[in-house]
Amino acid sequence: MSTYLVTGAMGCIGAWMLHHLHEQGKQAVSFDLSETRHRLDLLMSKEQQHAITFVQGDLTDPDAVKQVFSEYGITHVIHLAALQVPFCRKDPIMGAKVNVTGTINVFEAARAVGMNHVVYASSIAVYGSKGEYPDGLLGDDQPRLPKTFYGVYKVANEDSAKVYHRNHGMTSTALRPYTVYGLGRDQGLTSEPTKAMHAAANGEAYNITFGGKMQFHFASDVARQFIDAVENPLDGAYAFNMGQPVVAVADVARTITDISGVEVTVEENPLPFPDGFDNNALKQHFATVYETPLEDGIRQTIASFKA
């Protein structure tokens with residue numbers, strides 16, 4: 001029987017990953033330093049969670065990572081564990097240990113048990129500022145010019161994956177989401193739109209402290225795309241932009257207000273990233289690209305928070 005290892009499973013996308021794997025009748029193992037299940041509790045009942053194997057472990061410990069692969073007979077790995085932008089800024093050394101060394105530990109553990117395919121999370125943080133690129137949606141082949149430690153670490157992971165393919169024939173797929181929203185998205189640089197949805201569900205006004213335009217990914221869609229990527233290995237070391245329509249943050253706030261009747265405001269303080277990235281390569285390589293319309297995703301998220 002196939003067994004799926006999800007690192008960082010107590011995070012937002014990880015919780016959605018466990019939810020979808022359980023729905024699909026697949027055996028899942030969670031590997032995370034945290035034992036806090038508050039995000040998973042939003043998506044799965046306590047009874048449903050009994051079907052998941054939970055392993056508390058430190059990604060920076062290579063022996064602990066290797067042990068979970070061998071002990072539980074892991075056949076598929078989706079590596080999500082990482083410290084996000086604010087944490088990497090505050091503690092770059094720990095950020096590098098978790099985000100870079102931790103990723104190497106996953107590749108090494110997979111190689112040790114004879115696994116030949118790794119799926120992991122990258123980010124649009126690998127790119128530079130908006131003014132460094134031509135107008136329009138940017139393709140996967142645009143120069144990576146990160147401006148944060150987090151982005152630098154993601155570039156390192158993408159390049160490490162290429163070395164594993166060249167030296168050991170290991171294949172890999174990375175996905176680069178932009179702004180993920182949905183149940184469980186409660187930390188990170190771009191978590192404020194979800195926090196606004198949560199506030200609106202509670203009848204409370206909210207102010208989003210950044211504006212501009214960007215792409216929004218429903219967390220459920222992102223999780224399902226990762227599952228497809230691990231089940232359909234490609235021959236190479238690939239990194240894909242996740243696309244989606246470019247939307248003004250002010251329009252997102254207006255949609256939340258229209259759905260909930262609660263005021264959400266936005267500060268005109270755009271983040272220093274390009275507006276959007278195309279997903280043409282992703283669509284060329286995968287039969288399904290999950291793209292829940294933004295209004296539908298916002299409506300589902302608010303309703304779920306209320307529930």
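This is a predicted model: local features need pLDDT of at least 70, side-chain atom pairs count only at pLDDT 80 or more; totals for chains, interfaces and linings use all residues.
User: Why are α9 and α11 called oblique to each other?

Analyst: Happy to walk through that one. Angles under 35 degrees count as roughly parallel, and those from 65 to 115 as roughly perpendicular. The angle here is about 50°, so α9 and α11 are oblique to each other. As for handedness, the crossing of α9 and α11 is right-handed.

User: Which residues of α9 and α11 meet?

Analyst: From α9 come Val 252, Thr 255, Ile 256, Ile 259 and Ser 260. In α11 they meet Leu 294, Glu 295, Ile 298, Arg 299 and Ile 302. Sorted by class, this contact of α9 with α11 has six nonpolar, two polar and two charged residues.

User: What makes α7 and α11 oblique to each other?

Analyst: Good one to compare with the cut-offs. The axes of helix α7 (residues 192–201) and α11 cross at roughly 50° and come within 8 Å. Roughly parallel needs an angle under 35 degrees, and roughly perpendicular starts at 65. α7 and α11 are therefore oblique to each other. The crossing in which α7 passes α11 is right-handed.

User: Which residues of α7 and α11 make the contact?

Analyst: On the α7 side the contact is made by Thr 194, Met 197, His 198 and Ala 201. α11 brings Ile 298, Thr 301, Ile 302, Phe 305 and Lys 306. By class, the contact of α7 with α11 has five nonpolar, three polar and one charged residues.

User: How much space lies in the largest pocket?

Analyst: About 1,000 Å³ of space lies there. The largest pocket is lined by 44 residues, and the closest to its centre are Leu 80, Ala 82, Leu 83, Gln 84 and Gln 187.

User: What is the lining of the largest pocket by class, and which element gives the most to it?

Analyst: The lining has 23 nonpolar, 15 polar and six charged residues. α1 gives the most, with three residues. At least two residues each come from α1 (12–23), β2 (27–32), α4 (85–90), α5 (92–112) and α6 (149–168).

Notes. Residues are numbered from 1 along each chain as its sequence is written. Side-chain values use heavy atoms; hydrogens and water are left out. Axes are lines fitted to C-alpha atoms, for helices over the stretch in contact, and angles run from 0 to 180 degrees between N-to-C directions. Helices (H or I, at least four residues) and strands (E, at least two) are DSSP runs, numbered from the N terminus. Angles under 35 degrees count as roughly parallel, over 145 as roughly antiparallel, 65 to 115 as roughly perpendicular and the rest as oblique. A crossing is left-handed if the near helix is turned anticlockwise from the far one by less than a right angle, and right-handed if clockwise. Contact means heavy atoms within 4.5 Å. Ala, Val, Leu, Ile, Met, Phe, Trp, Tyr, Cys and Pro count as nonpolar, Asp, Glu, Lys and Arg as charged, and the others, Gly among them, as polar. On a 1 Å grid over the protein atoms alone, a cavity is a set of points where a 1.4 Å probe fits but cannot get out, and a pocket is an open set with protein on both sides within 12 Å along at least five of seven lines; lining residues have an atom within 4 Å of a point. Grid points are joined across faces, edges and corners, and a volume is the space filled by probe spheres set on the points.
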